[in-house]
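Thanks, everyone. I have one structure to go through today, so let me put it on the screen.

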Amino acid sequence: MLLIACPYCGNRPETEFRCGGQAHIARPADPGALSDAQWAEYLFIRDNPRGIHAERWNHVHGCGRWFNARRDTVSDRFLATYKMGETPQSQESNSILSTSTQAEARA
């Protein structure tokens, strides 16, 4: 079973969590000025990269809080979790953590 490190509760089984999609999406400053197509793009269009991705997660069956995570979508490995409003770890530390995963992806 995959363990996810909730920044509030510590390591917990994956069955306690739900993914909330891509993290760090900025709400438009003036939503009323957007066309229907622009509003639909803001609401529904998200990145779906292969590799490291920032996501929002909710500890549904635990503390109930939302937090952000950097996860490698190839290996499903969590590289870092951090509280909402905090700055994610730098790309350098994430690339060090995922070196073996990147090598596996190339093979």
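This is a predicted model: local features need pLDDT of at least 70, side-chain atom pairs count only at pLDDT 80 or more; totals for chains, interfaces and linings use all residues.

Four strands make up an open sheet, in the order E3-E4-E5-E6, and the pairing is antiparallel. At the edges stand E3, residues 18–22, and E6, residues 77–83; each has a single partner strand, so one side of each is left without a neighbour in the sheet. On average, neighbouring strands here are turned by 35° against each other, with direction ignored.

Strand E5 covers residues 66–72, and six bridges join E5 to E6 in antiparallel fashion. If you want a point of reference in this pair, Phe67 stands opposite Lys83 in E6.

Next, the cysteine. Cys6 belongs to strand E1, which spans residues 3–6. Is Cys6 buried or exposed? Its relative accessibility is 3%, and the cut-off for buried is under 20%, so Cys6 counts as buried. Which residues does Cys6 touch, apart from its neighbours within four places in sequence? The contacts of Cys6 are Phe17, His59, Cys63 and Phe67. As for Cys63, 57 residues separate Cys6 and Cys63 in sequence, and their C-alpha atoms are 9.0 Å apart in space.

Now to the surface. Leu43, Phe44 and Ile45 form a nonpolar patch there, and together they have about 340 Å² of accessible area. Ile45 sits in the loop that runs between helix H1, residues 36–44, and strand E4, residues 52–58. With a relative accessible area of 56%, Ile45 is exposed, since the threshold for that label is over 50%.

Last, the backbone. Where is His24? His24 lies in the loop between E3 and H1. Phi of His24 is near 65°, which is a positive value in a residue other than glycine. His24 has a relative accessible area of 49% and is therefore partly exposed.

Asp76 is the other one to look at. Asp76 is in the loop between E5 and E6, the two strands joined by six bridges. Here too phi is positive in a non-glycine residue, with a value near 65° for Asp76. Its relative accessibility is 35%, so Asp76 counts as partly exposed.

That is what I have for today.

Definitions and conventions:
Residues are numbered from 1 along each chain as its sequence is written. Side-chain values use heavy atoms; hydrogens and water are left out. Two strands pair if DSSP finds at least two bridges between them. Axes are lines fitted to C-alpha atoms, for helices over the stretch in contact, and angles run from 0 to 180 degrees between N-to-C directions. Patches are made of residues with over 30% relative accessible area and no salt bridge: like charges are joined within 9 Å, nonpolar side chains (Val, Leu, Ile, Met, Phe, Trp, Tyr) within 5 Å. Accessible areas come from the Shrake-Rupley method with a 1.4 Å probe; for residues, only the protein chains shown count as cover. A salt bridge is a side-chain nitrogen of Lys or Arg within 4 Å of a carboxyl oxygen of Asp or Glu. Buried means under 20% relative accessible area, exposed over 50%, partly exposed in between (1.4 Å probe, protein chains only). Contact means heavy atoms within 4.5 Å.
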